[in-house]
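Could you walk me through this protein model in plain words?

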Amino acid sequence: MPAEPTPPHTGRPAATPAQALAAMDDLIAASMVGQQEMAQRLGLNVTDLTCFAYVIQAGESLLTAGDLANRVHVTTGAVTGILNRLERAGYVTRRPDPEDRRRVRVAAIPSAVARVHALYEPYYARLNALFADYSPEETAVLTDWFTRATTLAHTYREELRVHDD
């Protein structure tokens, strides 16, 4: 009788939650330092780059200044300063909201999107190659974990804010 084929993604070492948390902390630290370096290369600070990333992510569903303030957890006054800097640097334009002229929507400038993509694409290609080392089921678990951990982080940050008030 022929041997069963070995699944392609076995042999990973066992890990405890403490080891996973330590690895996550290392990833977060590396990402924070990396984001700072990426922002500097683009002539931005990390908060401005984060806002621009949200604008890119929104695509044609243009965000309002209030949307950005909520996502980055800054005041609307602070987001106005961020948008002023992004606009001066050639990253965004503001457009009147077609449904409410008192509101503005934020649109990414295509050449700025291209600059950001050019900087991040080699890194994302490496991440995609890393994901290719995982089965679709494992990638689904990773995606679920990232999504749930992000929700948990937002919830915890909100709880801290409420506690501070």
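Arg85 is partly exposed, with a relative accessible area of 34%. Here buried means under 20% relative accessible area, exposed means over 50%, and partly exposed is in between, using a 1.4 Å probe and protein chains only. The side chain of Arg85 meets that of Asp48 in a salt bridge, at 2.8 Å from N to O. A salt bridge is a side-chain nitrogen of Lys or Arg within 4 Å of a carboxyl oxygen of Asp or Glu. Asp48 lies in helix α2 and Arg85 in helix α4, so the pair ties together parts that are 37 residues apart in sequence. Asp48 itself counts as buried, at 2% relative accessibility.

Before going on, keep in mind that this is a predicted model, where local features need pLDDT of at least 70, side-chain atom pairs count only at pLDDT 80 or more, and totals for chains, interfaces and linings use all residues. Residues are numbered from 1 along each chain as its sequence is written, and side-chain values use heavy atoms, with hydrogens and water left out.

How many salt bridges does the structure hold? There are 9. In general, side chains of opposite charge can pair when their charged atoms come close. Another of these pairs is Arg12 with Glu138, at 3.2 Å from N to O. Arg12 lies in the segment before α1 (17–41) and Glu138 in helix α6 (residues 136–164), so this bridge ties together parts that are 126 residues apart in sequence. Arg12 is partly exposed at 38% relative accessibility, and Glu138 is partly exposed at 21%. Asp100 and Arg102 also meet in a salt bridge, at 3.0 Å from N to O, and Arg102 is exposed, with a relative accessible area of 76%. Salt bridges that share partners also join Asp67, Asp97, Arg103 and Arg105 into one network.

Helices (H or I, at least four residues) and strands (E, at least two) are DSSP runs, numbered from the N terminus. Is Asp97 buried or exposed? At 1% relative accessibility, Asp97 counts as buried. Leaving aside residues up to four places away in sequence, Asp97 touches Arg103, Val104 and Arg105, where contact means heavy atoms within 4.5 Å.

Now for the sheet. It is open, with 3 strands in the order β1-β3-β2 and antiparallel pairing. β1 (63–64) and β2 (92–96) stand at the edges with a single partner strand each, so one side of each has no neighbour in the sheet. Two strands pair if DSSP finds at least two bridges between them. β1 pairs with β3 (residues 104–108) over 2 bridges, and β2 pairs with β3 over 5 bridges. Val106 in β3 stands opposite Leu63, and Val106 is also the bridge partner of Arg94. Helix α2 (residues 46–58) lies across β1, β2 and β3, running at about 90 degrees to β3. For such angles, axes are lines fitted to C-alpha atoms, for helices over the stretch in contact, and angles run from 0 to 180 degrees between N-to-C directions.

His73 has a positive phi of about 60 degrees although it is not a glycine. At 27% relative accessibility, His73 counts as partly exposed.
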